[in-house]
Amino acid sequence: MDNDFFQRKVQARLAGFDHDKDGVITQADVDTVTERAMDAYGLAATSPQAKALKAAAGTFWRQVAANADGDRDGKINQDEFFLAAAGFQQAVQPWVRALVSAADTDDDGWLTDREYRSLLRALGADETTLDQAAQHTASDGSIAVVNVQKTALELFADHKPYAPATWSFGTF
């Protein structure tokens, strides 16, 4: 289960969350992802979607910190992150649902190419990842919200290099 691929994948996710690049994840990093998503989606801070995103991000951080922050210093380092990564799927569910739902700006159950790219950019994806993910969308560039949510929730649980949760969020 702790194969080289999975370790690279977890390291890449740590780097994706670590927005200030200090080698650890803090609540400020999670808040940065949330703020980027709100900006990418054009959400006002007082909108219901923004409030849901913030609440879900807070819940995610508290659950992840409770499971991963072994020394309780408010920071999750690479070793702590790796040991707890398999359990993140449960903790991240409300935040993933809020992030993806907010990305669906017309609330039609589908992310357009623009909406999907905005979501992935908010999560720290580079242009190569955006192009790679676009190859797995419908011919019009859209993707069902439920599929994005499912894939994102599998990100930390799937150990296979060619699983959708892998190609959707980068090369590991």
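A search of the whole structure, a predicted model, finds four aromatic pairs. A pair of aromatic rings is described by the distance of the centres and the angle of the planes. The rings of F17 and F81 have centres 6.3 Å apart. Their planes lie at 65°, over the 60 degrees required, so this pair counts as edge-to-face. The pair links distant parts of the chain. F17 belongs to helix α1 (residues 4-17), F81 to helix α4 (residues 78-84), and 64 residues separate them. Both F17 and F81 are buried.

A second pair is formed by F60 and W95. Here the rings are stacked, with 4.8 Å from centre to centre and 25° between the planes. F60 sits in helix α3 (residues 48-68) and W95 in helix α5 (residues 88-103). The pair therefore ties together parts that are 35 residues apart in sequence. F60 is buried, and W95 is buried too. Ring pairs join F17, F60, F81 and W95 into a cluster.

Helix α2 was examined next. This helix covers residues 27-41, a run of 15 residues. At 1.5 Å a residue, α2 should span 21 Å. The buried residues of α2 are D29, V30, V33, T34, A37, M38 and Y41. These buried residues pack against α1, α3, α5 and α6 (113-122). After α2 comes G42, with a positive phi near 70°.

Methods
Residues numbered from 1 in each chain as written. Predicted model: local features only at pLDDT ≥ 70, side-chain atom pairs only at ≥ 80, totals over all residues. Heavy atoms only, no water. Phe/Tyr/Trp six-rings, centres within 6.5 Å; stacked < 30°, edge-to-face > 60°. Helix = DSSP H or I, 4+ residues; strand = E, 2+ residues; numbered from the N terminus. Buried < 20%, exposed > 50% of the residue type's maximum accessible area, 1.4 Å probe, protein only. Expected span 1.5 Å × (residues − 1). Contact = heavy atoms within 4.5 Å.
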